[in-house]
Amino acid sequence: MNSTVTTSVTEIVLPGAVEPDGLELRTRALDDPAKGQVVLRMDATGVSFAEQQMRRGTYYDQPPFPFVPGYDVVGTVTAVGPETDAALVGRRFAAVTKTGAWASHLLVDAVDLMPVPDEVEAAAAETVTVNGITAWQMLHRVAGVRPGGTIVVLGANGGVGSTLVQLARHAGITVIGTASARHHTTVRELGAAPVDYRGPDMYGRIRELAPDGVDAVFDHVGGAGVEQSWQLLRKGGTLVSYGTAASKNDEGNSQLPVLKLFGRLAAWNSLPNGKSAHFYNFWAGKRRCRASWQRRMTEDLTQVLRLVADGTLTPQIAATYPLPDAASALSLAESRTVAGKIVIVPEA
């Protein structure tokens, strides 16, 4: 049964490589959901590092301009397409979209929906959708750090970093977290020992705190500093690289910093020192087997949301903006003055 009605959608369009105030607000009629699709009313979406790169045209595999940004979303199903379970209507789900979520309503494949418990607010669930899955998978699926271990989290005040710190502390792992001095109180409250990333000898300070080396370093920065992250590891340690923030403002080929990083990690992995280096790609395996990729996503988000529901994990919400004010949300995210994730909600 098809339970559709014509839906008017308000969305934010990224027209080209513009400053945040160049974002455009558009209203149009949403297409009816096709077989296997649902209409999801956005309850919360957010600003991730991806949108900051996309507006410059430097995200690794972004679509051509113009397009609607929005990496992930939490929303309520309002209609379903043909041969799609009508029982989904009225229920709340999270979904990872890569683009398209900065909209009041959007079409989502039903197979991509991940349940959100009633006791978790939409903004809280949004804050840990991509960030929580990323942190959980890097810690438990990639690095496999055991209780009693020590890790370094670069950018411990950020969306992924603040989640990673809390998950690690819950697992009995000691955490050293880098952040600017203004965020040290927050990082300390999350359970990590803060180190000033603007300090002249950040890596030397980390070595003072962990003279025998660490079990894992989680590095979203890339660039020249990734060599120093590798040097922090003890024998058997793991470097998990998951971004190239250092090249965010670089002009030119957006794939080059990533390819250079891949080459460096591969070279390190060939060394006979017991250490390993990985690049964490959120989307790895989806093309090969979408069903198993989505099953892992749902399993891991379910674990994270359970910790949110019982109060173990506190989503770090930096600020909340209505959808028409997405430009201000993006500007604040790029200012690097806040701790946690900036969430976008429907128009008041």
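The radius of gyration of the protein chain, taken over C-alpha atoms, is 20 Å, which agrees with the value near 20 Å that a compact globule of 348 residues would have. The globule rule behind this comparison is 2.2 Å times the number of residues to the power 0.38. The structure is a predicted model, in which local features need pLDDT of at least 70 and side-chain atom pairs count only at pLDDT 80 or more, while totals for chains, interfaces and linings use all residues. Residues are numbered from 1 along each chain as its sequence is written, and side-chain values use heavy atoms, with hydrogens and water left out.

Along the principal axes, the C-alpha atoms of the protein chain fill a box of roughly 65 × 40 × 40 Å. The chain contains 10 helices and 15 strands; these are DSSP runs numbered from the N terminus, with helices (H or I) of at least four residues and strands (E) of at least two. Of the 348 residues, 53% count as buried, where buried means under 20% relative accessible area, exposed over 50%, and partly exposed in between (1.4 Å probe, protein chains only). Among contacts (heavy atoms within 4.5 Å) between residues at least 6 apart in sequence, 67% join residues at least 24 apart.

The protein chain carries 32 positive and 34 negative side chains, and the centres of the two sets lie 7 Å apart. Lys and Arg count as positive and Asp and Glu as negative, whereas His and the chain ends are not counted; each charge is placed at NZ of Lys, CZ of Arg, CG of Asp or CD of Glu. Side chains of opposite charge can pair when their charged atoms come close. A search of the whole structure finds 16 salt bridges, each defined as a side-chain nitrogen of Lys or Arg within 4 Å of a carboxyl oxygen of Asp or Glu.

One of these salt bridges joins Glu11 and Arg26, at 2.5 Å from N to O. This pair links distant parts of the chain, with Glu11 in strand β1 (residues 7–13) and Arg26 in strand β2 (residues 24–30), 15 residues apart. Glu11 is buried at a relative accessible area of 3%, whereas Arg26 is partly exposed at 37%.

Asp112 and Arg290 form another salt bridge, with the closest N and O atoms 2.8 Å apart. Asp112 lies in the loop between β6 (105–109) and β7 (114–115), and Arg290 lies in helix α9 (residues 290–309), 178 residues apart. Asp112 is buried at 9% relative accessibility, while Arg290 is partly exposed at 34%.

Lys341 and Glu126 also meet in a salt bridge (3.2 Å, N to O). Lys341 belongs to strand β15 (residues 341–345) and Glu126 to helix α2 (residues 122–127), so the pair ties together parts that are 215 residues apart in sequence. Both Lys341 and Glu126 are buried. Elsewhere, salt bridges with shared partners join Glu19, Arg55, Arg56 and Glu334 into one network.

Trp136 is located in helix α3 (residues 130–143) and is buried, with a relative accessible area of 14%. Residues up to four places away in sequence aside, Trp136 touches Arg141, Leu167, Asp300, Gln303, Val304 and Leu307. Trp136 and Thr163 are 27 residues apart in sequence, and their C-alpha atoms are 8.5 Å apart in space.
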